[in-house]
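Have a look at it before you read on.

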Amino acid sequence: MELVMVMVIVGIVGAASSVAVLESMRLYASSMPRMEGTYQSDLMLQRLRRDVRALGDTATVTDFGSERFSFVREDGEPVSYAFDGGDLTRNGQLLATNLSGFGFRYLGAAGLASSDPSELYLLEVEYVIERGGQQLPGYAMVHPRSLGR
Amino acid sequence: MRQSGKARVVNTARTRLARSHPARGATLVELAIVLTVMALLAGMAVPSLHWITSARRNVAATQTRNALVYAQRWAVATQRTTWADFDVAQDRLSLFVEATSGGGPVLRQPLLDPLTRSAFVLELQDLGTGYDDVLMGADQSVQFDPDGAPSGGNGSAFSADGLVRMSGGARIRVVQQTGLLLVE
């Protein structure tokens with residue numbers, strides 16, 4: 001009987017302490033999708049910034065939409081970004097996945113939205129990455145260095 | 001030594017109690033019941049522990065991916081080429097970085113682990129899992145350029161996405177050109 005009592009008490013103590021352990025595990029598990037989203041966001045913005053900063057001439061811009069942007073870099077490399085079906089691609093290769101929203105916005109030197117590529121001064125990009133039921137919004141502004149200050 | 005009246009009364013009470021309830025240990029039946037219950041509980045727990053194996057494999061895939069991300073970020077941050085060399089036979093991944101003086105793969109040096117400050121080497125045998133296959137172009141090494149873009153260890157462009165197949169089914173995909181690293 002004493003042994004049974006000990007087992008019951010140990011079981012109760014174990015169940016109580018497992019709540020704390022499970023909570024820690026749950027927190028860790030929920031941080032994994034966030035880390036994954038942060039990584040993709042970081043990779044996407046880093047590549048986008050480098051490309052747009054290296055935009056040679058606004059005359060090379062061939063695609064100028066909210067979900068597409070194509071141009072030629074100073075080094076002559078053609079670059080094309082496209083958002084389709086939740087994925088962002090760069091030259092047809094996957095750059096980010098599970099985006100629930102993505103959009104380019106083009107601003108002129110006065111800070112007003114423009115639909116004329118020759119007026120391009122600043123590129124805005126806004127997006128939301130979805131991971132594990134969590135939404136990670138992001139925003140960035142990039143200015144092509146060839147366009148001066 | 002003479003006992004006080006109060007102590008004598010307590011001792012008498014203890015003696016009576018011992019006579020009416022003689023001390024005894026657990027019977028064999030009680031022990032058998034406890035052992036049976038414990039065996040049943042253990043038997044119920046063991047089948048549900050298969051998640052540990054799968055968790056271990058996931059950890060191995062995540063650690064491998066994180067090591068590749070580290071090499072990629074290092075390349076972007078320092079503008080120096082980095083390499084991740086897979087040793088499939090030893091289930092090992094080692095990271096390298098181009099020397100500050102340049103020189104490409106000839107003068108590369110081990111990339112240091114930020115925690116241990118020693119050469120970054122990931123040993124999957126410690127996790128009881130490993131690499132089944134590594135397809136990085138023509139070899140088993142991936143190189144990240146200063147844009148974070150991947151290529152084969154010798155600098156040859158990928159003709160398809162790079163792939164690391166882990167024991168147990170997990171895969172790490174290295175998307176060509178963009179360098180996006182995905183655990184699948």
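1. First, some ground rules. This is a predicted model, so to speak: local features need pLDDT of at least 70, side-chain atom pairs count only at pLDDT 80 or more, and totals for chains, interfaces and linings use all residues. Residues are numbered from 1 along each chain as its sequence is written, while chains are lettered from A and ligands numbered from 1 in the order in which they are written.

2. Start with helix H1 of chain A, residues 2–53 (helices, H or I with at least four residues, and strands, E with at least two, are DSSP runs numbered from the N terminus). H1(A) has 52 residues and spans 75 Å from first C-alpha to last. That is close to the expected 76 Å (1.5 Å times one less than the number of residues).

3. Which residues of H1(A) are buried? Among them are Glu36(A), Gly37(A), Leu43(A), Met44(A) and Val52(A) (buried means 20 or more other C-beta atoms within 10 Å of the residue's own, exposed means 12 or fewer, and partly exposed is in between, with C-beta atoms placed from the backbone). The cover over the buried residues of H1(A) includes strands E3, E4, E5, E7 and E8 of chain A.

4. Now the sheet. In chain A, 5 strands make an open, antiparallel sheet in the order E1-E2-E3-E4-E5 (strands pair if DSSP finds at least two bridges between them). E1 and E5 of chain A are at the edges with a single partner strand each, so one side of each has no neighbour in the sheet. H1(A) packs on this sheet, touching E3, E4 and E5 of chain A, and its direction makes about 115 degrees with that of E5(A) (axes are lines fitted to C-alpha atoms, for helices over the stretch in contact, and angles run from 0 to 180 degrees between N-to-C directions).

5. Take a look at Arg131(A), in strand E7 of chain A. Arg131(A) counts as partly exposed because it has 19 C-beta neighbours inside 10 Å. Leaving aside neighbours within four places in sequence, its contacts include Pro33(A), Glu36(A) and Leu136(A) (contact means C-beta atoms, placed from the backbone, within 7 Å).

6. How do the chains meet? 16 residues of chain A are in contact with 14 residues of chain B. H1(A) gives the largest share of chain A's side, 10 residues. That side divides into 8 nonpolar, 4 polar and 4 charged residues (Ala, Val, Leu, Ile, Met, Phe, Trp, Tyr, Cys and Pro count as nonpolar, Asp, Glu, Lys and Arg as charged, and the others, Gly among them, as polar).

7. Chain B has 3 helices and 10 strands. Of its 184 residues, 29% count as buried. E1(B) and E2(B) run antiparallel, joined by 6 bridges, and Asp85(B) stands opposite Ser94(B). In their hairpin, with 4 residues between the strands, Asp91(B) takes a positive phi near 50 degrees.

8. Finish with the largest nonpolar core, which has 53 residues (a set of buried Ala, Val, Leu, Ile, Met, Phe, Trp, Tyr and Cys residues joined through C-beta atoms within 7 Å). Helix H3 of chain B gives the most to this core, 8 residues. Leu95(B) is one of the residues with the most contacts inside the core.

Notes. Contact = placed C-beta atoms within 7 Å.
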